[in-house]
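Subject: Structure for your review

Dear colleague,

Please find below the structure that I am handing over to you. My notes on what was found in it follow directly after.

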2 protein chains.
Amino acid sequence: MSKGKSSKTSGKGQNPLQAPRGTRDFYPEDMRRRNWLFAHFRSTAASFGFEEVDAPMVEHLDLFKRKAGEEIVDQLYHFELHDRHLALRAEMTPSIARMVIARQGAMRFPIRWFTVTQNWRYERMTRGRKREHYQWNMDVWGEPGVEAEAELLAAMFTMFDSLGLDRGKIKVRLNSRGLLEESLREGVLSDRPEVFAPLCVVIDKIDKIGAEAVTEQLCDPEGGVALTALEAARVIEILSARSLDEAAKFAAVGSPAIAELSQLYTLLEAYGIADQVPFDASVVRGLAYYTGIVFEAFDAGATLRAIAGGGRYDRLAETLGGKPVPAVGFGFGDVVIGELLEDEGLWPDLKPEVQDIVYAFGPEQKPAAITVASRLRRAGRRVELCLGKSKLKRVLGDAGKAGTERVYLIGEDERARGVVKIRDLAKKAETEEPIEG
Amino acid sequence: MSKGKSSKTSGKGQNPLQAPRGTRDFYPEDMRRRNWLFAHFRSTAASFGFEEVDAPMVEHLDLFKRKAGEEIVDQLYHFELHDRHLALRAEMTPSIARMVIARQGAMRFPIRWFTVTQNWRYERMTRGRKREHYQWNMDVWGEPGVEAEAELLAAMFTMFDSLGLDRGKIKVRLNSRGLLEESLREGVLSDRPEVFAPLCVVIDKIDKIGAEAVTEQLCDPEGGVALTALEAARVIEILSARSLDEAAKFAAVGSPAIAELSQLYTLLEAYGIADQVPFDASVVRGLAYYTGIVFEAFDAGATLRAIAGGGRYDRLAETLGGKPVPAVGFGFGDVVIGELLEDEGLWPDLKPEVQDIVYAFGPEQKPAAITVASRLRRAGRRVELCLGKSKLKRVLGDAGKAGTERVYLIGEDERARGVVKIRDLAKKAETEEPIEG
């Protein structure tokens, strides 16, 4: 099939010999990096006592609609099949929530779960954005206090440390939606508490579109928030706070949100990361479901998109139809961190993992080569057995480049004597040993 | 939402708080088993010098149609989205083939790739069948000789060994489609070579439906194969062979297929697995694309479905639109092997991996508890930090059951003295050490 545009079923980008637009193939060299990164995700989570879980990539569409509303549908890979309306997950949280709810009466809280999963989002393609990505999630369910937030933030920095990113390379900006809500409770929200979630969605854009455009959207009488100019100015003023002291000016005396933030920073101090987590009242996160602390990780130069983000979502279980249970978590994608590791030159040189190559000069020595390869494998070595009529010169050349340690050679002379020749590529030395070891 | 059948969008099985029918959630205890099994897949493949690759779970529908024909569509999770017709993969081979073809000119053959991926198949549900499963694939591309088959079969037995399945528990029945083709070339296939693939699809059912029903289908004038009664009887006779000697009677003198099978068994002898791989002329595999050696692994009692299966598919690259390149591989699912491990009592007792628990008696000791947890984590320990107001009795009870090694306790007395109490759960002994280590 050509890439012809003549028919609908073979339209643009429909060459079946190419991966669908916005998706990635992982060749061995890509997969080595992915496995290296995922191993860091998993070992960091395990060092914090989190357990891995997983759920199907396909869920009922209604699960996502319950969490994020009808608007989400256009961003999903969704389809009807045999009377069911299904969708590929765009994020892991709804599936995790579903799993928690299903065993809500039977599990001992708090639970600490992590996932490393592929998520799908149908979006117009822009530079650096894909339609699938892998995401590391860590979530704590059943703990209402900010000790959970502190553990999650510490895990994130443990991850950055383990990747070799020096302190200062990443900043996690943090805020409390509770603080913003408190600050507005006497005013805007006293009559219309329902505007808080859409208000957060609008102000989340302030970094991208600026204060003026945000004000405009907040005041738009058709926009769902519809503040007065005075109210909007108050919101913008609150967002400008860059320390707890500044923020406290907008909060009531004895503000619970300020107390919670202070407690959180005390804990972050104990983890040694408080200075890496600047307070920033303009951080609210775009998702409507957050209820408390929210945070976003960026490279210090802010040249890339967000590396990770998360926060507290104490009402999700109820929203989906379960009993209330507090929850907090973060998502950490594989794409932006990969770009940062590239920019910083921190990807290690990951070579193929073959340690030994076994080479027979002719078909008569193949069984002996198998004997050698089998015993090396039983001894725990990673062994490539040369197949067919590979040329020795090429095998040795490739082995040198790939970092292979030893090449085992068996010609008719060796076989007749019951030995195999061993060439040590680092030492450039040759020895012999019996075929049987 | 109830499970009500009142409207189409909330029809049966559509409760969004349940995973879609035929799919699995992996809670921590399930995930520990899955990770344990996958680690065996990966380490076995690595010990044979295979490299891991991956491709998107979503492909253009046409990729699957090119390999398997229009009939496959009903078995796929497929959907049109924004003018593209996409499908979730039902198997990994087409994606791997696509990746090989994309770099056909640039790669050094033979290549040895493995994958561990989730595949989706829409089927009517029957007992023990799911709509998703994970599959371990190992494939060799670019090697025409049976040395590749021998390596793959050896890898499969290395896997069985590593899982603790004694020799004799698994039989891999093996045949050569080439042999069957040769045996029929002078007769049935001389006029109509195109019936070979559909013929194989019919005779693949012989174990399930018996020789009589197969004969009936082979002779059905509407059935696409339409043999004479004599031809069908000949086919059934050929299928009865259970040794190379018997099979050789149906083959021409100097048969290349018999020579190839003999060579393969010589190699399997060298691997020490020839007696585990009985020749069985009735094994042809249901998929039309196989061209040479085919094989299927079953538990020796044949109480379960096939554990793994594979074979040679030298024409797939061409079928999909690439240049010819020989290939052979197998797929090995996670479900049937899991049932066998269960039946044999071979699943290990996999406990949560937390080694240390750190417990503060009150909020004043939380920062000290963080200091202790952080240094243990830096030392490579897997540490659960107790959050909130967990009850010590409950923490200790859970720790005992979960196999935790040590519990670190910090009350006001300890904090004031700058120490932490360490309870060793195995030794039932208590010691102290400085908070800072």
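A:Phe332 touches a set of residues beyond its neighbours within four places in sequence: A:Phe41, A:Tyr134, A:Gln135, A:Trp136, A:Met156, A:Met159, A:Phe160, A:Ile307, A:Ala308 and A:Ile337. Please bear in mind that this is a predicted model. A:Phe332 belongs to strand S10 of chain A, which covers residues 327-333. With a relative accessible area of 0%, A:Phe332 is buried. A:Thr371 stands 39 residues from A:Phe332 in sequence, and the two C-alpha atoms are 46 Å apart in space.

The domain assignment divides chain A into domain 1, made of 2-7 + 23-343, and domain 2, made of 356-434. Taken over C-alpha atoms, the centres of domain 1 and domain 2 of chain A are separated by 52 Å.

Is A:Arg285 buried or exposed, at a relative accessibility of 15%? A:Arg285 counts as buried, because 15% falls under the 20% limit. Apart from neighbours within four places in sequence, the contacts of A:Arg285 are A:Arg177, A:Cys200, A:Asp204, A:Tyr290, A:Val294, A:Phe295, A:Glu296, A:Gly309 and A:Gly310.

I turn next to the packing of helices. Two packed helices are described by the angle between their axes and the distance between the axes.

In chain A, the axes of H5(A) and H7(A) cross at roughly 115° and come within 12 Å. This crossing of H5(A) and H7(A) is right-handed. On the side of H5(A), the contact involves A:Arg177, A:Leu180, A:Glu181 and A:Leu184, which meet A:Phe196, A:Leu199, A:Cys200 and A:Ile203 of H7(A). By class, the residues of this contact between H5(A) and H7(A) comprise 6 nonpolar, no polar and 2 charged. A:Arg177 and A:Cys200, which take part in this contact, are also among the residues in contact with A:Arg285.

Helix H4 of chain A (residues 147-163) and H11(A) have axes that come within 9 Å and cross at roughly 35°. H4(A) passes H11(A) in a right-handed crossing. H4(A) contributes A:Glu147, A:Glu149, A:Ala150, A:Glu151, A:Leu153 and A:Ala154 to the contact, and H11(A) contributes A:Leu264, A:Leu267, A:Leu268 and A:Tyr271. The residues of the contact between H4(A) and H11(A) divide into 7 nonpolar, no polar and 3 charged.

Helix H9 of chain A (residues 229-239) has the buried residues A:Ala232, A:Val235, A:Ile236, A:Ile238 and A:Leu239. Where do the buried residues of H9(A) lie, seen down the axis of the helix? They fall within an arc of 160°, so they line one face of the helix. The cover over the buried residues of H9(A) includes helix H5 (177-185), helix H7 (196-203) and helix H8 (206-219) of chain A.

In chain B, helix H5 (residues 177-185) packs with helix H9 (residues 229-239) at an angle of about 145°, and their axes are 11 Å apart. H5(B) passes H9(B) in a right-handed crossing. B:Leu180, B:Ser183 and B:Leu184 of H5(B) meet B:Arg234, B:Val235, B:Ile238 and B:Leu239 of H9(B). The residues of this contact between H5(B) and H9(B) divide into 5 nonpolar, 1 polar and 1 charged.

Finally, some points on the backbone. Most residues other than glycine have a negative phi, and most peptide bonds are trans.

- The peptide bond from A:Phe109 to A:Pro110 is cis, with omega near 0°, and A:Pro110 lies in the loop between helix H3 (93-102) and strand S5 (111-120) of chain A.
- The peptide bond from B:Phe109 to B:Pro110 is cis, with omega near -5°, and B:Pro110 is found in the loop between helix H3 (93-102) and strand S5 (111-120) of chain B.
- B:Ala302, a residue other than glycine, has a positive phi near 55°. The loop between strand S8 (293-299) and strand S9 (308-312) of chain B holds B:Ala302, which counts as exposed at 53% relative accessibility.
- B:Lys428 is not a glycine, yet its phi is positive at about 50°. B:Lys428 lies in the loop between strand S14 (419-424) and strand S15 (429-434) of chain B and counts as exposed at 74% relative accessibility.

With kind regards

Definitions and conventions:
Residues numbered from 1 in each chain as written. Chains lettered and ligands numbered in written order. Predicted model: local features only at pLDDT ≥ 70, side-chain atom pairs only at ≥ 80, totals over all residues. Heavy atoms only, no water. Axes fitted to C-alpha atoms, helices over the stretch in contact; angles between N-to-C directions. Helix = DSSP H or I, 4+ residues; strand = E, 2+ residues; numbered from the N terminus. Left-handed = near helix turned anticlockwise from the far one by under 90°. Contact = heavy atoms within 4.5 Å. Nonpolar A, V, L, I, M, F, W, Y, C, P; charged D, E, K, R; others polar. Buried < 20%, exposed > 50% of the residue type's maximum accessible area, 1.4 Å probe, protein only. Arc of directions from axis to C-beta. Domains from an automatic or database assignment.
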